[in-house]
Amino acid sequence: MDLDEIGRYLDRSPATTGFVAVSIGDGSPLVLPVWYRFDGKTVNIWTTSTRRWPQAVVRTGKAAFAAGDAGKPFAAVTLRGRAEIDEGDEETILSEVRAITSRYIEEDQVDDYVSRWWPSLKAIVRIHPDVSHGWERGY
Amino acid sequence: MTQIPESHRDLLNANVATLATIGPSGRPQVSELWFLADEGEIRMSLNTTRQKVKNLLRQPACSLLLLDLANPYRYVELRGDAEIEPDDDYAFADRLGAKYGADVRTMDNPGESRVVVTIRPTRIRTWG
């Protein structure tokens, strides 16, 4: 896949769970499933700075991300790069939170879902890919 | 033997696993891949040209996740080290390929080789 194809794959509907990986304190990797949105430049993940993996982002400034098909043709994307945590303008963050959530649940349920987690979760981790690979047909 | 709690042992039937490794300069790398629950262990077949293999040879620490596709809040994460052994005769690769109805040999270029990667977990966590 070229970059445009990678972007389209990450933006596909219905949305699927992505996976973020970071390096934790002892230098080993940690991976977990996340909801995400690719805004054309960064992979954005709704979270909070109090969790272990965003803290690793703050400490290392790095993260990796993957998304793929669980069945044929096993298309997939993997990327890695600089990562940062955005806890700035609440309006901007909330807008991104809604955009991420809208990818995964019905529009009329977004407000209710967001209100359950906001403001406990009020940060966005943004991954700026500098290395990315995609396969239309995996393996 | 990898002891996944019975509550999440069904995830061994998942179609793909997600594996995270650490690359040069401590950069994480993550990708989804085929796997096989093989004789009580979780194993993968990897082409030796892959970055994952290079990473694991340098730094065996890894993290593997099996997700319940029907419930993204339910998964098992295995953290530990990867044990790597040659699979020059594709003995394991063939067993893994049988799970997916695929001939793994066709995925390799002439002269390339494969290894069996076995996850040796030091910690297993379940969610959901």
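Two residues are in contact if their C-beta atoms, placed from the backbone, lie within 7 Å. The views below show a predicted model.

**Figure 1. The helix of chain B that is covered by strands.** Helix 1 of chain B spans residues 51–58, and its buried residues are K52(B), N55(B) and L56(B). These three cover an arc of only 95 degrees around the axis, so they fall on the same side of helix 1 of chain B. Strand 1 (17–22), strand 2 (28–33), strand 4 (41–47), strand 5 (61–67), strand 6 (75–86) and strand 7 (114–127) of chain B are among the elements that cover these buried residues. On the face turned away from the buried side, helix 1 of chain B carries the exposed residues L57(B) and R58(B).

**Figure 2. Chain B as a whole.** Chain B contains two helices and seven strands, which follow one another from the N terminus in the order β-β-β-β-α-β-β-α-β. The C-alpha trace of chain B spans about 45 × 35 × 25 Å along its principal axes. A compact globule of 128 residues would have a radius of gyration near 14 Å, and the 14 Å of chain B agrees with this. Of the 128 residues of chain B, 41% count as buried. Among the contacts in chain B with a separation of 6 or more, 69% join residues 24 or more positions apart.

**Figure 3. The open sheet of chain A.** Seven strands of chain A form an open sheet in the order 2-1-5-6-7-4-3, with antiparallel pairing. Strand 2 (29–34) and strand 3 (37–38) of chain A stand at the edges; each has a single partner strand, so one side of each lacks a neighbour in the sheet. Strand 1 (residues 18–23) of chain A pairs with strand 2 of chain A in the antiparallel sense over six bridges. Within chain A, A21(A) stands opposite V31(A) of strand 2.

**Figure 4. Two helices lying across strands of chain A.** Helix 1 (residues 3–10) of chain A lies across several strands, including strand 7 (123–135) of chain A, to which helix 1 runs at about 130 degrees. Helix 2 (residues 52–60) of chain A also lies across several strands, including strand 1 of chain A, to which helix 2 runs at about 55 degrees.

**Figure 5. The contact between chains A and B.** Chain A gives 25 residues to this contact and chain B gives 26 residues. On the side of chain A that touches chain B, strand 1, strand 2, strand 5 and strand 6 of chain A each supply at least two residues. The largest share, six residues, comes from strand 5 of chain A. The residues of this side of chain A divide into 15 nonpolar, eight polar and two charged.

Methods:
Residues are numbered from 1 along each chain as its sequence is written. Chains are lettered from A and ligands numbered from 1 in the order in which they are written. This is a predicted model: local features need pLDDT of at least 70, side-chain atom pairs count only at pLDDT 80 or more; totals for chains, interfaces and linings use all residues. Two strands pair if DSSP finds at least two bridges between them. Helices (H or I, at least four residues) and strands (E, at least two) are DSSP runs, numbered from the N terminus. Axes are lines fitted to C-alpha atoms, for helices over the stretch in contact, and angles run from 0 to 180 degrees between N-to-C directions. Ala, Val, Leu, Ile, Met, Phe, Trp, Tyr, Cys and Pro count as nonpolar, Asp, Glu, Lys and Arg as charged, and the others, Gly among them, as polar. A residue is buried if 20 or more other C-beta atoms lie within 10 Å of its own, exposed if 12 or fewer, and partly exposed in between; C-beta atoms are placed from the backbone. The arc is that of the directions from the helix axis to the C-beta atoms. The radius of gyration is taken over C-alpha atoms; the globule rule is 2.2 Å times the number of residues to the power 0.38.
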